[in-house]
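This report walks through the fold with a reader who has the sequence and the coordinates at hand.

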Amino acid sequence: MSATERRDHIRDMLADLKLPGALEAVDEILAEVDRGSLHASQAIEQLLTAQISLRNNHRLRTAMRSSRLPAIKTLQEFDFSFQPSIRREQIESLHELAFIKRQENVIFLGPPGVGKTHLAISLAIAAAESGRRVYYGTLVSLIESLEAARAAGQLSRRLRVLGHPALLIVDEIGYLPLSRDGAVLFFQLINHRYEHASTVLTSNKGFEEWGTILGDEVMAAALIDRLMHHCHVVNIRGNSYRMREHADLGLRTGPDSPTSESVLRRKKKETPAH
Ligand code: ADP
Ligand code: MG
C-alpha cells in the first residue's frame with residue numbers, strides 16, 4: 001500500500017468509526033510526522049485529543065441548551081493569584097469530579113464578587129464535558145419553579161426532575177430571605193438529593209446566618225446537617241474581582257468590614273462618576 005493509499009484508508013476508517021474530530025485533524029498531524037516534528041506516540045495522542053475535544057464541545061453545547069447555565073466560566077480563566085485564600089489544589093482536585101462519583105456536595109462561601117458563581121459554573125462545565133447532566137438555578141428561581149409545580153399539582157414530579165442531574169447548582173443563597181414556604185421547599189429539594197446526587201451551593205452568608213435566611217433555626221440546622229454530611233466547604237475571604245480596577249479604594253471585605261460593593265456605593269456618592 002502506498003503512503004497516499006494508507007492515508008485514504010485511515011481517513012475512511014475514522015469516518016466509518018464516526019470520529020469527525022480526528023478526521024479533521026489527521027492530515028495536519030501526519031504532515032507533521034512527515035516533517036519529523038512529531039513522534040508516533042505524540043501523533044496518536046494529538047489525534048485522540050482532537051476527537052475528545054470535539055466530543056467535549058458537543059457535550060458542552062448540548063448542556064448549555066438544557067442546563068440553564070448563565071455563562072461559560074472555566075477553571076483556566078480563574079486567576080488564583082487574585083484570591084490567595086483559595087487553595088488551588090482543592091479547587092483543581094474538585095474539578096477531577098471524584099466528588100460527583102461519591103455524591104458529595106460543595107459549598108462556596110464568601111462575600112460578593114469573589115468567584116463563587118464562577119467556580120460553581122466551572123465545576124458544572126467540567127461535569128458536562130464528562131458527559132454528566134447538570135442544572136443551574138439561583139435559589140430563588142429554583143423555589144419559584146417548585147412553587148409553580150406545586151400549584152399545578154406536580155411538586156413530586158418537579159422534585160424528581162431536579163433530583164436527576166448528577167450536579168445541581170443552587171446559586172445565591174442568602175441574597176434574599178425566604179418565605180417559610182420557600183424554606184420548606186428548599187429543604188425538600190436538598191433532602192431529595194441527599195446521598196444520591198451532588199449539589200454545589202453558593203452563599204454570601206456564613207452558616208450561622210442560614211437560620212435567618214430560612215426563617216427557622218431548626219430547619220436550617222437540619223438542612224446544614226444533611227448538606228455537610230458529605231461536603232467540601234470552600235471559604236473565600238478576599239476582595240471582589242468585579243472591583244479590581246478600584247484597588248485604590250482600599251477595599252477590604254470580611255465579617256467586620258463593609259462589603260466591597262457597599263464601599264463602592266458609598267464612594268460613588270462621595271465622588272460623582274467619572
Ligand atoms: P460571586 O458569585 O462570588 O459574587 P462571581 O463568580 O460572579 O462572584 O465573579 C464576578 C465576576 O468576576 C465574574 O465575571 C467572574 O468570572 C469574575 N471573577 C471572579 N473571580 C475571578 C478570578 N479569581 N479570576 C478571574 N475571574 C474572576
Ligand atoms: Mg454569584
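Predicted model: local features only at pLDDT ≥ 70, side-chain atom pairs only at ≥ 80, totals over all residues.

## The sheet

Strand β3, which covers residues 167-173, and strand β4, which covers residues 198-203, pair in the parallel sense over five bridges, and within this pairing L201 of β4 is the bridge partner of V170.

The β3-β4 pair belongs to an open sheet of five strands in the order β2-β3-β4-β1-β5, with parallel pairing. The edges are taken by β2 (134-138) and β5 (231-235), each of which has a single partner strand, so one side of each is left without a neighbour in the sheet. From one strand to the next, the twist averages 15°.

## Overall composition

The secondary structure of the protein comes to 12 helices and five strands. Of the 274 residues in the protein, buried residues make up 42%. Among contacts with a separation of 6 or more, 75% are accounted for by residues 24 or more positions apart.

## Helices against the sheet and against each other

Helix α6, residues 116-129, lies across β1 (105-109), β2, β3 and β4, and runs at about 170° to β3.

A helix-helix contact is found between α7 (residues 139-151) and α8 (residues 155-163), whose axes come within 7 Å and cross at roughly 145°. On the α7 side the contact is made by L142, S145, L146, A149 and R150, and on the α8 side by L155, R158, L159 and L162. By residue class, this contact of α7 with α8 divides into six nonpolar, one polar and two charged residues.

## Two nonpolar cores

The largest nonpolar core has 31 residues, and those with the most contacts inside it are F99, F108, L167 and V200. The elements that give two or more residues to this core are α3 (40-66), α4 (88-94), α5 (98-101), β1, α6, β2 and β3, and the largest share, nine residues, comes from α6. Once neighbours within four places in sequence are left aside, V200 is in contact with F99, V106, F108, A120, L123, L167, L168, I169 and V170. A second, separate core of 29 residues includes L155, F186, F187 and L201.

L75 has its place in the loop between α3 and α4, and is buried, with a relative accessible area of 16%. Leaving aside neighbours within four places in sequence, L75 is in contact with F80, I91, E92, H95, L119 and S122. L75 and A120 are 45 residues apart in sequence, while their C-alpha atoms are 9.9 Å apart in space.

H118 is placed in helix α6 and counts as buried because its relative accessible area, 16%, falls under the 20% limit. Not counting residues up to four places away in sequence, H118 touches K73, T74, E77 and F78.

## Charged pairs

How many salt bridges does the model contain? The count comes to nine, and several of them can be described together with the accessibility of their partners. E28 forms a salt bridge with R35, the closest N and O atoms being 3.5 Å apart; E28 is partly exposed, with a relative accessible area of 45%, whereas R35 counts as exposed at 57%.

The side chains of R102 and E104 meet in a salt bridge with an N to O distance of 2.9 Å. Here R102 is partly exposed, at a relative accessible area of 47%, but E104 counts as buried, at 13% relative accessibility. In another salt bridge, the side chains of R87 and E89 meet at 3.8 Å, N to O, and R87 counts as partly exposed at 48% relative accessibility. Finally, D8, R11 and D27 are linked in a network of salt bridges.

Notes: Residues numbered from 1 in each chain as written. Chains lettered and ligands numbered in written order. Heavy atoms only, no water. Helix = DSSP H or I, 4+ residues; strand = E, 2+ residues; numbered from the N terminus. Buried < 20%, exposed > 50% of the residue type's maximum accessible area, 1.4 Å probe, protein only. Contact = heavy atoms within 4.5 Å. Salt bridge = Lys/Arg side-chain N within 4 Å of Asp/Glu carboxyl O. Pairing = 2+ DSSP bridges. Axes fitted to C-alpha atoms, helices over the stretch in contact; angles between N-to-C directions. Core = buried A, V, L, I, M, F, W, Y, C linked by side-chain atoms within 4.5 Å. Nonpolar A, V, L, I, M, F, W, Y, C, P; charged D, E, K, R; others polar.
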